[in-house]
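Me: I've got a protein open here and want to get to know it. Can we go through it together?
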Amino acid sequence: MRVLKFGGSSVGTAEYIEKVVKIIQSASEKDSCAVVLSAMQGTTDSLIETGKLAENGDENFRVKIKEIEDKHFEAVRNLLPVQAKNGILSFVKKQINELENICEGVFLLRELSPRTLDRITSFGEILSTKIVSAKLDSSGIENVWKDSRELIKTNSNFTKAEVDFAKTDQLIKNFFAGQIQNLKSKIQNPVILPGFIASDANGITTTLGRGGSDYTGAILAAALDAEVLEIWTDVSGMMTADPRIVRNIKQIPRITYREAMELSHFGAKVIYPPTIQPVLRQNIPILIKNTFAPEDSGTFIEAETSCENEIIRGITSIDKIAILSLEGAGMVGIPGFSKRLFDALSRAKINVILITQSSSEHSICVGIEEKFGEAAKQIVDAEFEYEIAVGKIEPLSVEDRLSILALVGDNMRNHTGVSGKMFSALGAQGVNIRAIAQGSSERNISAVIESADVKKAVNTLHEEFFSDNKRQINLYIVGVGTVGKKLLAQLDQQKDFLSEQMNLNVRVVGLANSKNIAFDEHGIDLSEPPTIAGGLTDDSKNVSENLADLIIEKNLRNSIFVDVTASADVVEVYPKLLKKSVSLIACNKIAASSEYENYRKLKDLAREYNANFLFETNVGAGLPIINTLNDLTRSGDKITRIEAVLSGTLNFAFNNYDGSRSFSSVVKQAQTEGYTEPDPRLDLSGTDVARKILILAREAGFKLEMSDIENAGFLPESCLMGSVEDFYNEMEKHENYFRELLENAKNKGLSLKYIASFAGGKASVGLQSIDSKHNFANLSGKDNAVLFYTNRYADLPLVVKGAGAGADVTAAGVFADIIRAARI
């Protein structure tokens, strides 16, 4: 014997009922079957609404009844041939008339008792089962329709009736024994029964409460000692997480009753724990199947499973939770406080979902449904009125907009480090834990978090415990100029390599230019130049503020903000993002070269909120200069001196300026080839080099400001005035001055290099004439070089040398920082 239960989604339309009929037909050919059906999807809610409207004197209850009638008439017309329609249409009409009569009474009396509500809601299952039975008949599948109210007996606690199992089991056994005796075959015709409904000792209709149809199926399965209880729904079994939250979920093939109940208690909607008690007591397995994909294997729920290699079975959550905190020094060592708290909540019929208490006995914390928060405060404060008045305890604290996150698995008790892994993963994403609870069975670890963090938290834990070791990285890139475009091209080119070789799924979810933002949570297509249109910005804020607000609102895990601009406005949002544990990759030098206190604050925020603040490309484009410096200091070495050529622009200019053409034209070539800052005066004035040596000195552990850098500029003052165009015009006017600098060096057998130096806590930048034996004499093109003199490298410096400018290498440096941040 098999018991099949179909939920409301499975019988929601005529099309879906066709699928149900095929499943019943297939099952009944192999074994005797009892089939339990819910009401058509949405019908029970509509019936409750109808009763409420009538009670409130709202004549629209008649409109709702007409909608219910039309829905069932449509199903009959679409399912049955002409000759089979009349009888069932007549039955539906009779039931609707009865429903209308009851509601008219409610309307006149303005009273809807629990008993009457049970009668009203019973029509849904009666109608759906009669229609399915008629469809089976018209398809040549003999079946028996049986009113569950004649088999399942309860007390008179309407809307949540309790089953009298002794009477119920006997009635079920007698009925099905009679069915078998009337058949020559050992396989009886399928019996169709409405779920959810029952009756009391007087034959008055009752209902079994939430999950009532599942309960009906379990009661039948237990009474008949069924081989299996099959629950057919709209998902292919239980999943490792909610598919509405996590994209790459996995089906759970086998799970224990205990694990299934834990997952269901904490939000998994496939089963309702109290309803499966009858089959649990008799070790009857439950098979969760998908009506719309019957070939899928589903989830097998049993007493014990053989999947010992799986530590975690699933992750789930409950939203709309409030945390009640009762605390005070007067609680310490005094028995009875917990009892009084729970008694008070019990009297108010408030269910406690989670409990946690500090070992100091100074406080106790419980989780309840958010909607009961105000009522809980009133009754608990009244219970402890005296203790609050004399200052022994504080008034009850109620905190809402919270959720419970639960990690479930029988095998957790056999493995150490699960909770550590869970909380470390959440902490890395900036998810704050408000309360923790773990049962003595070690089957469940629960944490209370802010509801806004649920999606990120569940995805983070699913990635940690169920993924194929791949991390999902969500990039927000601001700045899509020359370097930005190169970066996007490199990301697109390397996406397969990153996935296959580094287990990183890197997707760009947000792009911004100076005016607009583009966003796609599933990743922006980089195979074509992306379009950044309007619509995502608030005109009262600049684009960087809008993008920061979007990042915080979306709250995606492993979010990285990439600044490929030279904008001070973008830097303003850095603290806001770091406080949300969003990592920063800055090609923009403004932050790291700003006032020391601001630089230090950003570094401290990154450390405090477990985020990365990386800016390798601030010095030397893609060269690993800052990373090398950090490796030296972290390993205990001390920087004593730094000598560096840090401007690819200036090195290119002086390497290519030979007097055959103007110095201005050489600089313009450097700008055209993408070596200069957007404003070349930052390079030529030495400001950019000063920023770079300042950043290196700070990373070496020295507290310097920009004003501490001695800058021996070589540009005439007039070249620094006006626009960029004015800058080039002024340089042309001063060509003789630049030629004189060149000739003076040549006449002495020297060459010109713009060199940055740091020693003894002081830094300087300036144009120097160097001989052929100098470390920088052979630097060609746009190359940069840095010499690190340290305690370990006292005589021969550690040298980092290579191309220090250009969109490709700068983009590559940003890319390297992204990978570094993604893997930390």
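Me: Where is N558 found?
Reply: This is a predicted model. In it, N558 is in the loop between helix 16 (543–554) and strand 20 (559–563).

Me: Is N558 buried or exposed?
Reply: Buried. Its relative accessible area is 8%. The cut-off for buried is under 20%, so N558 counts as buried.

Me: What about the phi of N558?
Reply: Phi of N558 is near 50°. That is a positive value, and N558 is not a glycine.

Me: OK, now K320. What is its phi near?
Reply: Near 55°. Phi of K320 is positive too, again in a residue other than glycine.

Me: And which element holds K320?
Reply: Strand 11, which covers residues 314–327.

Me: Is K320 buried or exposed?
Reply: Exposed. K320 has a relative accessible area of 62%. Exposed means over 50%, so K320 falls in that class.

Me: New residue. Where does I17 lie?
Reply: I17 is part of helix 1, residues 14–28. The relative accessible area of I17 is 1%, so this residue is buried.

Me: What does I17 touch?
Reply: Leaving out residues up to four places away in sequence, I17 touches S10, V11, L79, I131 and V132.

Me: How many residues apart in sequence are I17 and T291?
Reply: 274. In space, their C-alpha atoms are 9.5 Å apart.

Me: Zoom out. What share of contacts in the protein join residues at least 24 apart?
Reply: 71%, counting contacts between residues at least 6 apart in sequence.

Me: How many helices and strands are there?
Reply: The protein has 27 helices and 28 strands.

Me: What is the radius of gyration?
Reply: 37 Å. For a compact globule of 824 residues, the value would be near 28 Å.

Me: And what box do the C-alpha atoms fill?
Reply: Roughly 120 × 75 × 55 Å, along the principal axes.

Me: How much of the protein is buried?
Reply: Buried residues are 53% of the 824.

Me: What about the accessible surface?
Reply: About 36,100 Å² for the protein. Carbon and sulfur atoms account for 46% of that surface.

Me: Last topic, charges. How many positive and negative ones?
Reply: There are 92 positive and 108 negative charges. The mean positions of the two sets are 3 Å apart.

Conventions. Residues numbered from 1 in each chain as written. Predicted model: local features only at pLDDT ≥ 70, side-chain atom pairs only at ≥ 80, totals over all residues. Heavy atoms only, no water. Helix = DSSP H or I, 4+ residues; strand = E, 2+ residues; numbered from the N terminus. Rg over C-alpha atoms; globule rule 2.2 N^0.38 Å. Buried < 20%, exposed > 50% of the residue type's maximum accessible area, 1.4 Å probe, protein only. Contact = heavy atoms within 4.5 Å. Areas by Shrake-Rupley, 256 points an atom, 1.4 Å probe, with all protein chains shown as cover. Lys, Arg positive; Asp, Glu negative; His and termini not counted. Charge placed at Lys NZ, Arg CZ, Asp CG, Glu CD.
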